[in-house]
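Subject: the model you asked about

Hi,

Here is the structure to open on your side. My notes on it follow below.

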Amino acid sequence: MLLKHLIQILSPKMTIRITSTTTPATPTTTPITAAPTEAATITTTTTPRSPLAPVTPPPTIHHAYMRSALQIATSALQSNEVPVGCVFVHNSRIIASGRNDTNRSLCGTRHAELVAIDKILATHPPSIFKETDLYVTVEPCIMCASALRQVGIRKVYFGCSNDRFGGCGGVLRVHEGDGVGGENKSRNGGGGYEVVGGIYSSSAVVKLREFYVQENGRAPIATSKKGRELKTDNLPLDVDIL
Ligand SMILES: [Zn+2]
């Protein structure tokens, strides 16, 4: 009612009809485009967003690549690996993809990014990374962030932040600066690299949570996770990318 009162003060000739269909929660208000003497309708039709309601960012090519990475993360989940997936894109083409492979290989360093980097180096010169971008569902860990710096990646797009091991701002900021004394330059002569986080971050988090509630059938002693619930609250918001 305060909004109605204010508008009537500003535009006394305006006829206002306010339609509210929801409980108060950050309502969106359509802009008033009618002339001052015409009737205007302010509609507050915000539907409270459920925790699982997908955020619908603008469909850009970055989202398309991240969806590919999410599909790979899903395949990792189905293989009982921590669901992290990535794709490397060069000249608008995916030249390699990777997913976590630590459980199958029994090697703790087989993270999605390193798996894909190995594939690229097997068939391309290292210089290709200067013109290559990475899309990965979870912020690279410190190890992978350093590897990406050493190969000279151009830019990294990630989904959710990695608050425990992140090397692109979550814990350390390995991607920034020229390195200590300027001697930590990458193989390709570059220093740090640019990062953009938050693309489909909620989807990436849900996959991680799904992993941690499912049974680990490959464990020597199957880990019972019965009783664990898939939490769908406190999901991060996605960012818009232009
Ligand atoms: Zn890693």
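Before anything else, a word on "buried": a residue counts as buried if 20 or more other C-beta atoms lie within 10 Å of its own, as exposed if 12 or fewer do, and as partly exposed in between, with the C-beta atoms placed from the backbone. This is a predicted model, so local features need pLDDT of at least 70 and side-chain atom pairs count only at pLDDT 80 or more, while totals for chains, interfaces and linings use all residues. Residues are numbered from 1 along each chain as its sequence is written.

The overall picture

The protein has six helices and seven strands. Helices here are DSSP runs of H or I with at least four residues, strands are runs of E with at least two, and both are numbered from the N terminus. Going along the sequence, the order is α-β-β-α-β-β-α-α-β-α-β-β-α. Out of 242 residues, 31% are buried. On contacts, two residues qualify if their C-beta atoms, placed from the backbone, lie within 7 Å. Taking contacts between residues at least 6 apart in sequence, 56% join residues at least 24 apart.

Helix 4 and helix 5

Two packed helices are described by the angle between their axes and the distance between the axes. For helix 4 (residues 112-123) and helix 5 (residues 142-151), the angle is about 25° and the axes are 9 Å apart. That makes helix 4 roughly parallel to helix 5. The axes are lines fitted to C-alpha atoms, for helices over the stretch in contact, and angles run from 0 to 180 degrees between N-to-C directions. Angles under 35 degrees count as roughly parallel, over 145 as roughly antiparallel, 65 to 115 as roughly perpendicular, and the rest as oblique. The crossing of helix 4 over helix 5 is left-handed, meaning that the near helix is turned anticlockwise from the far one by less than a right angle (clockwise would be right-handed).

Which residues of helix 4 and helix 5 meet? From helix 4 they are Glu-113, Leu-114 and Ile-117, and from helix 5 they are Cys-144, Ala-147, Leu-148 and Val-151. Sorted by class, this contact has six nonpolar, no polar and one charged residues. For that sorting, Ala, Val, Leu, Ile, Met, Phe, Trp, Tyr, Cys and Pro are nonpolar, Asp, Glu, Lys and Arg are charged, and the others, Gly among them, are polar.

The 12 residues of helix 4 reach 18 Å from first C-alpha to last, close to the 16 Å expected at 1.5 Å a residue (the expected span is 1.5 Å times one less than the number of residues). Its buried residues are Ala-112, Glu-113, Leu-114, Ala-116 and Ile-117, and they pack against strand 3 (85-90), strand 4 (93-99), strand 5 (132-138) and helix 5.

In helix 5, the buried set is Cys-144, Ala-145, Ala-147, Leu-148, Arg-149 and Val-151. These pack against helix 4, strand 5 and strand 6 (155-160). Ala-147 is buried because 20 other C-beta atoms lie within 10 Å. Leaving out neighbours within four places in sequence, Ala-147 is in contact with Glu-113, Leu-114 and Ile-117. Its C-alpha is 8.9 Å from that of Ile-117, which is 30 residues away along the chain. Just after helix 5, Gly-152 has a positive phi of about 85°.

Strand 5

Leu-134 sits in strand 5 and is buried, with 28 other C-beta atoms within 10 Å. Not counting residues up to four places away in sequence, Leu-134 touches Cys-86, Phe-88, Glu-113, Leu-148, Ile-153, Val-156 and Tyr-157.

Helix 6 (201-213) has buried residues Ser-201, Ser-202, Ser-203, Ala-204, Val-205, Val-206 and Lys-207. They pack against helix 2 (61-78), strand 5 and strand 6.

Most residues other than glycine have a negative phi. Tyr-200, in the loop between strand 7 (194-197) and helix 6, has a positive phi near 50° and is buried, with 26 other C-beta atoms within 10 Å. Ser-92, in the loop between strand 3 and strand 4, has a positive phi of about 65°, but Ser-92 counts as exposed, with 8 C-beta neighbours inside 10 Å.

Cheers
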